[in-house]
Amino acid sequence: MDIHHLVKMANQIGDFFAAYPDHDEAVRSIGMHLKNSWEPRMRRQIIDYVHQTGGPDLKPPVREAILGLESRTAVSGEAPGDD
Amino acid sequence: MLSITDRDYGTPPEASATMVELFIDGKPISVPAGTSVMRAAAMLGVRVPKLCATDSLAAYGSCRLCLVEIEGRKGYPASCTTPVEPGMKVLTHSARVADLRRNVMELYISDHPLDCLTCPANGNCELQDMAGAVGLREVRYGYEGANHLHSPKDESNPYFTFDPSKCIVCARCVRACEEIQGTFALTIDGRGFASVISPGQNQPFMESECVSCGACVQACPTATLTEKSVIDKGQAEHSIVTTCGYCGVGCSFKAEMKGNEVVRMVPNKDGMPNHGHSCVKGRFAWGYATHRDRVLKPMVRDSIDEQWRAASWEEAIARAAAGLKRVQQQYGRGAVGGITSSRCTNEETYLVQKLMRAALGTNNVDTCARVCHSPTGYGLKTAFGTSAGTQDFDSVLKTDVIMVIGANPTEGHPVFASIMKRRLRQGAKLIVVDPRRIELVKTPHVAAVYHLPVRPGCNVALINAMAHVVVTEGLMDEDFVRERCEAADFELWKKFIVQPHNSPEAVAEIVGVPAHDIRGAARLYASAGNAVIYYGLGVTEHSQGSTMVLGMANLAMATGNLGREGVGVNPLRGQNNVQGSCDMGSFPHELTGYRHISDPVVRAAFEKEWGVRLDPEPGLRIPNMFDAALDGTFKALYVEGEDIAQSDPNSSHVVAALRAMEFVVVHDIFLNETARYAHVFLPGSSFLEKNGTFTNSERRISMVRKVMPPMAGKEDWEVTMALSNALGYPMEYKHPSEIMDEIARLTPTFAGVSYAKLERVGSVQWPCNDAAPLGTPVMHVGQFVRGKGRFTITEYVPTDERTGPRYPLLLTTGRVLTQYNVGTQTRRTANVMWHGEDRLEIHPHDAEQRGVRDGDWVTVTSRAGAITLRALITDRVAPGVVYTTFHHPETGTNVVTTENSDWATNCPEYKVTAVQVMPLPAGRAPARREAPMQAHAPAAK
């Protein structure tokens, strides 16, 4: 998918939770939202993007959440073409 | 005229708990205090003759036909206007009252055509019935005197005629327009014998303020106001109760039939959402169901560049299954998906998500609620614990302050708007939050105390400012917050909301509303005994749609306006089954009843019932499907009842995605825009041709009944079932009731729902289970579904869609009363007489700056695309804001809307698009899109 679109969507999620004064809670909430509502290929793509580029256009809590997402929960589900 | 099966008690019921015992014709009866003698008699089965009385209207006492004798009273009181009294002894029939009634009737008939045999009301005419009831045998006055027998007919309305020669001036039509509809379009002009019914200022109906709701037609006791369909076809011979196929009010109707042909649709007096009322769409605009454009045979083609070829059901289903399987084999399970419409029944949407999850092994299933009310689901579930409005419709009759935000009820939810207007006429106060001056702001006998013309995209700043006022001015309901809400979340929110940047003064310039109006509106809302919020897509279709829903929930909790009648937070759903389609597990991350797919306990129940393993990960949402298609990882789609190529934002993007797919199956009643890109077309069935249920905006589950056989041979649930069987996953339902039984087994909030119960009680509002066997009209009484209510910090984040030198205006979109959504149905009815094209509303100042005159063709350009339509200059929109509808494919309104979307749900931001508007150069033909039917009709067979 268009990575710029994914980055924009992730940053929008970050904007909502950034209002929370507790940084850790904000990061945790961003990660939970991504896990609960993004299809695995979308998560996989943005994780890869962070690995490959450092995610310079991602807001810091979002980048942190994406990296945490990778470490906390494996991205399950098959990739297209797995069958 | 009333429904052929209605029993008319003459005057409305009374709700008093005090009972009064009296005697009518010697028989004792006990009725609520305030009941009329006429109604009490009708309850005993005694029919007192009447003409001006009907039980949908307040007693009027003009026709003098219902005179009775009451022991100990002088004269002959009208039974409709005489309330019962303890011990009263009434005589409904005597020689004296018979004489009086006959004399009255004689006068009526002396000025009435004697054409009963050829009259369209023959067989269902109250005047005819009364002439028989009073034993009229002669008219001593003759017919040669002054009369109205040659008054010309008004046939301007496409759906009914007005024949004044048959009018008895009972004023039932005038009163229906006032009391039921609240439009006040009719009056009685003149006095005495010269009295006539006058639409507007003695205008034809179509030129008056009449909104064609049909309340007058239903109230008329003669053939004066008659449906043209009745004139054409004659009286119906049977009647079937069903549910309207249009908006989220979900009106109950009686389909009056001759064999398999609909003669007319009459709103059901016993229908809970509508209490016998309707709008122009539900009552009259049903002709699309048998329109010649209906596609009645399955069609197939190998490529979207080929002509369609008619096929048998077997071939088409086999091709659809083979195409989906082939794509999955080649690209993986996640390369296919399904989309359903909120026009589908609960059973149909349930079945499609089951097909996707169980037969195809993917959670890539979504419903069109994605693009309208998905933020409602997220917001209300987060705050209260469940994704639905809190009240039943009738709750509005107990409210003191109504706040309407981003909704236009008189256009989008007209029947509920009539109930709302009734409450406002009784004295409730109104706050309207909308960029446009919608009709409700000032309409006969209704005026908003505050109209806050919020700038598109700024709702959250406004609601935060209102909450700031509530907290800083000590207007909170401290007890409610302490007892009913999470303390820690509340404290966090309170610290946030009192910050100066949330004050009305700080945001006034941003939102475009003076600070004192924001303060005034907040005080009014917070100080009411009961205050309620109704909202629509003007809330949800924003990049902060979910935040705004949370903001409204915060405000309602802070002021204690939840958990009883007259209060609450209530989405007005656009389509008839938005609530139901969301309930049915149609979102890619949720199973039925809003339970996340990752929950192993919930998943296990479905796995056991369905006999398959389910993927625990969320699937793709509709916009994600389009993005994945363009990325090459999403290749096949099954779409039931939804025209994504016209209704979804940034049409060019959607079309590119559809073109990028290898296999598309469209299942619809018409060959819509999306079908241009399809390989298999499966003909659908309209709401008249199938059984099922719809769930309306107040969570009310109502029966949809098959009144005629499916024109293409199959009900939609049968088609999905056939597809599943062809895919190798057996489905063997014999009736949709079995699908509902399965839903009830798997869904705690539906555990008590069954067709048998719906047949018995009419309708129920979920939750319906052992704890609430007859359903739940008001939610969150005593405690929230989630336990304690949750306050959430709702920081205002401006949308990326901003005006600038290139696109200096903000476009917002909406709908009109006579058209429905993308117009697939209503454009194929006479409703086009009211709205034949989309127009761009532009403020006189903005028009003048651009040299645009009323009616000029203009081009609207955004960063997504450009469209051409004609301008309508009006100060209903504020300077800097333009508005249009999206009912006509020739306009292609969604070519200019962008794929900007809500942060939580990806609901598109239809309501905010930065645009430029310029007049079309003289001599240049407007660029219009081709109407779909002309563009890709199948080759004639």
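Predicted model: local features only at pLDDT ≥ 70, side-chain atom pairs only at ≥ 80, totals over all residues.
Local features require pLDDT of at least 70 and side-chain atom pairs count only at pLDDT 80 or more, whereas totals for chains, interfaces and linings use all residues. Residues are numbered from 1 along each chain as its sequence is written, and chains are lettered from A in the order in which they are written.

In chain B, helix α9 (residues 346–359) and helix α26 (residues 736–746) cross at roughly 65°, their axes coming within 9 Å (axes being lines fitted to C-alpha atoms over the stretch in contact, with angles from 0 to 180 degrees between N-to-C directions; helices being DSSP runs of H or I with at least four residues, numbered from the N terminus). The two helices α9(B) and α26(B) are therefore roughly perpendicular (65 to 115 degrees). The contact (C-beta atoms, placed from the backbone, within 7 Å) joins Glu347(B), Tyr350(B) and Leu351(B) of α9(B) to Pro736(B), Ile739(B), Met740(B) and Ile743(B) of α26(B).

Helix α13 (residues 459–472) of chain B packs against helix α17 (residues 515–527) of chain B at an angle of about 65°, with the axes 9 Å apart. Contributors to this contact include Leu462(B) and Val469(B) from α13(B), together with Ile518(B) and Tyr525(B) from α17(B).

Between the chains, 24 residues of chain A are in contact with 27 residues of chain B. On the side of chain A that touches chain B, α1 (3–17), α2 (23–37) and α3 (40–53) each supply at least two residues, and α1(A) gives the most, with five residues.

How values were computed: Contact = placed C-beta atoms within 7 Å. Parallel < 35°, antiparallel > 145°, perpendicular 65-115°, else oblique.
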